[in-house]
Amino acid sequence: MRVMRPQRIWLAAVISGVFAHPVSAQQAQPPAPHQHAPAAKAAARAQEPSALDALRKRFDELLARTSTGSRRLDAKRKAQMFDEFLAWPKNPFEIELTVTRTWADGGAQFLGTIAIRNSEIMVAGRKEVALFIKPTLRSLSPGRYAFHVHENPDCGPAIKDGQLVPGLAAGNHLWLSGTGAMSGTTFTSHLGDLPDLEVEADGTARKEVVAARLTLADVVNRSFIIHASQDDTSPRMACALLK
Ligand SMILES: [Cu+2]
């Protein structure tokens with residue numbers, strides 16, 4: 001996890017001078033053609049600029065409106081600033097990601113969205129960064145579902161033991177590197193192990209999930225997987241990605 005550095009002062013200037021309201025990355029995109037079929041809707045969304053491309057564009061626009069952005073920045077410095085922006089607890093961006101059912105072949109069924117944003121929570125009297133994940137999902141069976149960040153930005157199937165397995169291309173859970181042994185506990189290293197996703201009796205999931213210690217920076221070029229039950233090893237039922 002990154003620590004707040006002095007050079008992030010420019011971010012504070014940005015927030016006070018430029019922003020009034022949170023911005024959704026997808027608000028910047030043109031509206032998709034009206035579609036009824038979930039598969040067609042998922043396909044239409046797949047044609048849109050990626051959530052990460054939209055986010056980069058908004059960041060560039062933001063930077064251009066600051067005194068920092070008016071100077072010539074080399075690509076490396078700009079990329080570093082973008083990374084810092086993603087890890088910043090007060091980052092005002094909310095990013096909406098498309099959630100689809102996983103598939104072995106054919107199209108992906110659109111299930112809804114998750115909106116993710118950085119914020120802060122109080123832990124034992126001190127502030128810590130957290131990623132807030134607001135689902136807007138439907139067409140699911142009521143219950144609790146294992147929910148994780150997986151390491152690859154790929155919702156597709158992959159072959160295991162000669163079988164095409166839906167969602168397998170997402171790879172393993174996200175682990176925090178550099179902490180030594182993989183203890184299996186969230187605090188030490190198992191960052192991708194999110195609280196369960198809760199689906200109501202009407203088949204919708206709307207309850208926000210709070211992932212302590214994660215930021216947008218940790219989920220760029222990753223995927224979110226909703227499993228078929230509370231069991232972490234159950235099939236990968238649905239997926240969203242940020243790339
Ligand atoms: Cu998982």
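1. Two residues are in contact if their C-beta atoms, placed from the backbone, lie within 7 Å. On that criterion, and not counting residues up to four places away in sequence, C239 touches T100, T102, C155, G167, A170, S223, F224 and I225. The structure is a predicted model, in which local features need pLDDT of at least 70 and side-chain atom pairs count only at pLDDT 80 or more, while totals for chains, interfaces and linings use all residues. Residues are numbered from 1 along each chain as its sequence is written.

2. Overall content. The protein chain has six helices and 11 strands; helices (H or I, at least four residues) and strands (E, at least two) are DSSP runs, numbered from the N terminus. Among contacts between residues at least 6 apart in sequence, 65% join residues at least 24 apart. Of the 243 residues of the protein chain, 31% count as buried. A residue is buried if 20 or more other C-beta atoms lie within 10 Å of its own, exposed if 12 or fewer, and partly exposed in between, with C-beta atoms placed from the backbone.

3. Confidence. The predictor's confidence in each residue is its pLDDT, on a scale from 0 to 100. The mean pLDDT of the protein chain is 81, and 72% of its residues reach 70 or more. By element, the mean is lowest in strand β1 (residues 23-24), at 44, and highest in β11, at 97. Over residues 20-36 the pLDDT is below 50, and this stretch has 31 contacts in the model beyond near neighbours in sequence. Residues 184-188 also stay under 50, with six contacts beyond four places in sequence. Where pLDDT is low, the predicted coordinates should not be read in detail.

4. Strand β11. Six of the seven residues of β11 (residues 236-242) are buried, so the strand is largely enclosed by the rest of the structure. Two strands pair if DSSP finds at least two bridges between them. β11 runs antiparallel to β2, to which two bridges join it, and T100 stands opposite C239 in this pairing. Six bridges join β11 to strand β10 (residues 222-227), again antiparallel. Within that pairing, I225 has C239 as its bridge partner, and F224 has A240.

5. Strand β10. Six of the six residues of β10 are buried, so this strand too is largely enclosed by the rest of the structure. In a regular strand the side chains alternate between the two faces of the sheet. In β10, R222, F224 and I226 point one way and S223, I225 and H227 the other way, and all are buried. Four bridges join β10 to strand β5 (residues 143-150), and the two run antiparallel; F147 has I226 as its bridge partner.

6. Nonpolar core. A nonpolar core is a set of buried Ala, Val, Leu, Ile, Met, Phe, Trp, Tyr and Cys residues joined through C-beta atoms within 7 Å. The largest such core has 48 residues, and those with the most contacts inside it are I95, L97, I116, L131 and C239.

7. Helix α3 (residues 51-64) has 14 residues and reaches 20 Å from its first C-alpha to its last, close to the 20 Å expected at 1.5 Å a residue. The expected span of a helix is 1.5 Å times one less than its number of residues. The buried positions in α3 are A51, A54, L55, F59 and L63. An α-helix has 3.6 residues a turn, so residues three or four places apart point the same way. Helix α5 has 13 residues and reaches 19 Å between its first and last C-alpha, close to the expected 18 Å; F85, L86 and A87 are buried there.

8. Residue W88. W88 lies in the loop between α5 (75-87) and β2 (93-101). W88 counts as buried because it has 22 C-beta neighbours inside 10 Å. W88 and T215 are 127 residues apart in sequence but 7.6 Å apart in space, C-alpha to C-alpha.

9. Backbone angles. A124 has a positive phi of about 50 degrees although it is not a glycine. A124 belongs to the loop between β3 (110-123) and β4 (126-137) and is exposed, with 5 other C-beta atoms within 10 Å. D161 likewise has a positive phi of about 50 degrees without being a glycine. D161 lies in the loop between β6 (158-160) and β7 (163-165) and is exposed, with 5 other C-beta atoms within 10 Å.
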